[in-house]
Amino acid sequence: MGSAGIPLNSGGPPEHVAIIMDGNNRWAKARKLPGIAGHKAGVESVRACVQTCAQAGVRYLTLFAFSSENWRRPEDEVNALMRLFLIALKREVRKLHRNKIRLRIMGDRSAFSTVLQASMAEAEELTADNTAMTLIIAANYGGRADIAHSVRQIAQQVRDGNLEPRDITEDLIQQHLYLGEVPPPDLCIRTANEQRISNFMLWQMAYSEFYFSTVFWPDFKTEQMRAALTAYSQRVRRFGQTDDQIARRIDF
C-alpha cells in the first residue's frame, strides 16, 4: 500500500498525473449559475487534487487550465477567466510554497497581459526551490503547438550548422518541448464524461494510461482523485512487452 492508503502497482504510484479539468460550465448551468461560477468552484477541486496527489507520492501534477483554443470562447468569459487566474495565482501560491510545492507554467505566455505574465514569473520564482511536488499549469497550451515549437528550435539548430538532420531523435524532440525535462504523464484523467485528448500533451501521452470520470470538475474532489489513483494501481503497463515478461519484471 502507498501513502494515503492507495494500493500500488508494480511501479508504485504514478510519477506524473495530468488532468483535463472539464465540466465547469455544465456544472454551473445545472445550478442556473453563470459559467464563471463553475470555474470558481473548480478551484476547490484543484486544492483537493493537489493535496491528494502530494500525499500519494505523485511527483508531478499537470492541470490543463486554459487551452490555445479557449480564446474562441465568449470575450466576457475569457476576461473573467483571466481575472480568476490572476486571483488564484496570488492567493494559492503562498499555500503551495508553505507545502513545499513547486509551481511551473507551461505554454505560450505572450498572449497574456503583462500583469498576469509578471504574476506567473513571481509565483515560479517564489517556489523554485521546493521539492515536495511540482504543480504544472498548462495555460495557453496546445499539444500541436508544443510539437511545432520543438521542431522550430531544432530546425534553427540545423540551419545554423550546429545539428545534422540524422542527429534528430525522439529524445531531442522531447528535450525541446515545453518543460521537456519533465517525465511524460503516467496517468491522464478527464472529467465530465468526455473521452478525448483535446490537443493536450499529444507527444508526451504516447504511453499514458487514461481514466475518464463522469463527474464534473467542481465535484471531482479527494474521493474521486483517490479512485483514479487506485484504478491506475490496478493496471499493467506493458510498453510493448508480453505478460510473461511483465511477470518476470515484477516478481521480486
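D186 touches P14, E15, H16, S208, E209, Y232 and R237, leaving aside residues up to four places away in sequence; touching here means contact, with heavy atoms within 4.5 Å. The structure is a predicted model, where local features need pLDDT of at least 70 and side-chain atom pairs count only at pLDDT 80 or more, while totals for chains, interfaces and linings use all residues. Numbering starts from 1 along each chain as its sequence is written, and side-chain values use heavy atoms, with hydrogens and water left out.

Staying with D186, its place is the loop between α6 (170-175) and β5. Helices (H or I, at least four residues) and strands (E, at least two) are DSSP runs, numbered from the N terminus. D186 counts as buried because its relative accessibility is 13%; buried means under 20% relative accessible area, exposed over 50%, and partly exposed in between (1.4 Å probe, protein chains only). V17 sits 169 residues away from D186 in sequence, yet the two are 6.1 Å apart in space, C-alpha to C-alpha.

Now for the chain as a whole. The protein chain has 8 helices and 6 strands, and read along the sequence they follow the pattern β-α-α-β-α-β-α-β-α-α-β-β-α-α. Of its 252 residues, 46% are buried. Among contacts between residues at least 6 apart in sequence, 76% join residues at least 24 apart.

The strands form an open sheet of 6, in the order β3-β4-β2-β1-β5-β6, with parallel pairing. At the edges are β3 (101-106) and β6 (209-212), each pairing on one side only. Neighbouring strands of the sheet are turned by 20° against each other on average, direction ignored. Two strands pair if DSSP finds at least two bridges between them. Strand β1 (residues 16-20) and strand β5 (residues 187-190) run parallel and are joined by 4 bridges, with I20 standing opposite R190 in β5.

Helix α3 (residues 75-98) and helix α4 (residues 114-127) meet at an angle of about 10°, with their axes 10 Å apart. That makes α3 roughly parallel to α4. Axes are lines fitted to C-alpha atoms, for helices over the stretch in contact, and angles run from 0 to 180 degrees between N-to-C directions; angles under 35 degrees count as roughly parallel. On the α3 side, M82, F85, L86, L89, K90, V93, R94 and H97 meet V115, L116, S119, M120, A123, L126 and T127 in α4.

Notes: Parallel < 35°, antiparallel > 145°, perpendicular 65-115°, else oblique.
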